[in-house]
Amino acid sequence: MPESEKQETSDPDWSKAYRETKNVPWYRPNIDKKVTPETRKLLEQYSNIPPSQVLQHVHTIRDKLWAIRSYPCTGIGLWLDPMLPKSPAYSTIIQKLQAGGTCLDIGCFIGQDLRRLVADGAPSDRLYAVDVVSHWDVGYEMYRDRDRFSAHFIEADILYPTAELRALMGTVDVLSITHVLHQWDWAGQVKAVEQLVSVGTTQHLH
Ligand SMILES: C[S@@+](CC[C@H](N)C(=O)[O-])C[C@H]1O[C@@H](n2cnc3c(N)ncnc32)[C@H](O)[C@@H]1O
């Protein structure tokens, strides 16, 4: 991201403060139980990770993510259970993407929801992902799909959209945002939602 566009950010300082320690309540040493049957299936069948290596792989990746930002969702393994497939609109979204539609995941983290869309039949080249800080490379490592996952990542703050994000405004068909809005007070949530509406969609999901 150009320095000129990094002047304002809502990236919170607290999420950088604990990266050197794991001695906080929201870092759970063992997150085996967060690997749901669906996530194990994705890692074994989409990422071709041998079953005996799945749990170690997940813990190795989690520590790489923790070194970027010490988010509670990272420490407790919440990201291992993608939210989008739980939406009642999930099958409609897949159909829309297969028919040529586009999807934007705001606060995408490592792209776990987008990997599920692709594993469930959506083409990856019409997927867009935005996050205030990039965990994107670790996502390729998690899912071992650098050579076949073509989603477009934009490092941007939804509260202060970059030119690249603004260019998407009014063009996406499906907008997803999960586990992001709760971080702001009311004024921040209203500001974020105003930005999301201006991104422009035909379906708002969450
Ligand atoms: C708790 S994680 C949720 C990840 C995923 N959406 C999920 O449901 O598991 C919140 C994500 O939102 C990102 N995020 C926080 N503030 C943001 C902002 N202002 N603009 C874009 N992304 C943001 C964080 O970096 C993080 O990856």
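Predicted model: local features only at pLDDT ≥ 70, side-chain atom pairs only at ≥ 80, totals over all residues.

Colleague: Is Leu159 buried or exposed?

Modeller: Buried means under 20% relative accessible area. Leu159 has 7% relative accessibility, so Leu159 counts as buried.

Colleague: Which residues is Leu159 in contact with, leaving aside its neighbours within four places in sequence?

Modeller: Ser10, Trp184, Gly188, Lys191, Ala192 and Gln195. Leu159 and Val193 lie 34 residues apart in sequence, and their C-alpha atoms are 9.0 Å apart in space.

Colleague: Where is Phe109 found?

Modeller: In the loop between strand 1 (103-106) and helix 6. Phe109 has a relative accessible area of 6%, so it is buried. Leaving aside neighbours within four places in sequence, its contacts are Leu65, Tyr71, Thr74, Trp79, Asp131, His135 and Trp136.

Colleague: What about a charged side chain, Arg69?

Modeller: Arg69 belongs to the loop between helix 3 (54-66) and helix 4 (72-76). Its relative accessibility is 10%, so Arg69 counts as buried. With neighbours within four places set aside, Arg69 touches Asp11, Ser15, Lys16, Arg19, Thr74, Val133 and His135.

Colleague: Now helices. How do I read burial along one?

Modeller: An α-helix has 3.6 residues a turn, so residues three or four places apart point the same way. Now take helix 5 (residues 90-98), where Tyr90, Ile93, Ile94 and Leu97 are buried. Viewed down the axis of helix 5, these buried residues fall within an arc of 100°, so they line one face.

Colleague: What follows helix 5?

Modeller: Gly100, with a positive phi near 110°.

Colleague: How many of the eight residues of helix 7 are buried?

Modeller: Six of the eight, so helix 7 is largely enclosed by the rest of the structure. They are Trp136, Val138, Gly139, Tyr140, Met142 and Tyr143. These residues pack against helix 2, helix 3, helix 6, strand 2 (127-131) and strand 3. After helix 7 comes Arg144, whose phi is positive, near 50°.

Colleague: How do I describe a helix pair?

Modeller: Two packed helices are described by the angle between their axes and the distance between the axes. For helix 6 (residues 112-119) and helix 7 (residues 136-143), the angle is about 45° and the axes are 11 Å apart. The two are therefore oblique to each other. Their crossing is right-handed.

Colleague: Which residues of helix 6 and helix 7 meet?

Modeller: Gln112, Leu114 and Arg115 of helix 6 meet Trp136, Gly139, Tyr140 and Tyr143 of helix 7. By class, the residues of this contact are four nonpolar, two polar and one charged.

Colleague: At what angle do the axes of helix 2 and helix 3 cross?

Modeller: Roughly 100°, and the axes of helix 2 (residues 37-46) and helix 3 come within 11 Å. Helix 2 and helix 3 are therefore roughly perpendicular to each other. Arg40, Leu43 and Glu44 of helix 2 make the contact with Val54, Leu55 and Val58 of helix 3.

Colleague: How many nonpolar, polar and charged residues does the contact of helix 2 with helix 3 have?

Modeller: Four nonpolar, no polar and two charged.

Note on methods:
Residues numbered from 1 in each chain as written. Heavy atoms only, no water. Helix = DSSP H or I, 4+ residues; strand = E, 2+ residues; numbered from the N terminus. Buried < 20%, exposed > 50% of the residue type's maximum accessible area, 1.4 Å probe, protein only. Contact = heavy atoms within 4.5 Å. Axes fitted to C-alpha atoms, helices over the stretch in contact; angles between N-to-C directions. Parallel < 35°, antiparallel > 145°, perpendicular 65-115°, else oblique. Left-handed = near helix turned anticlockwise from the far one by under 90°. Nonpolar A, V, L, I, M, F, W, Y, C, P; charged D, E, K, R; others polar. Arc of directions from axis to C-beta.
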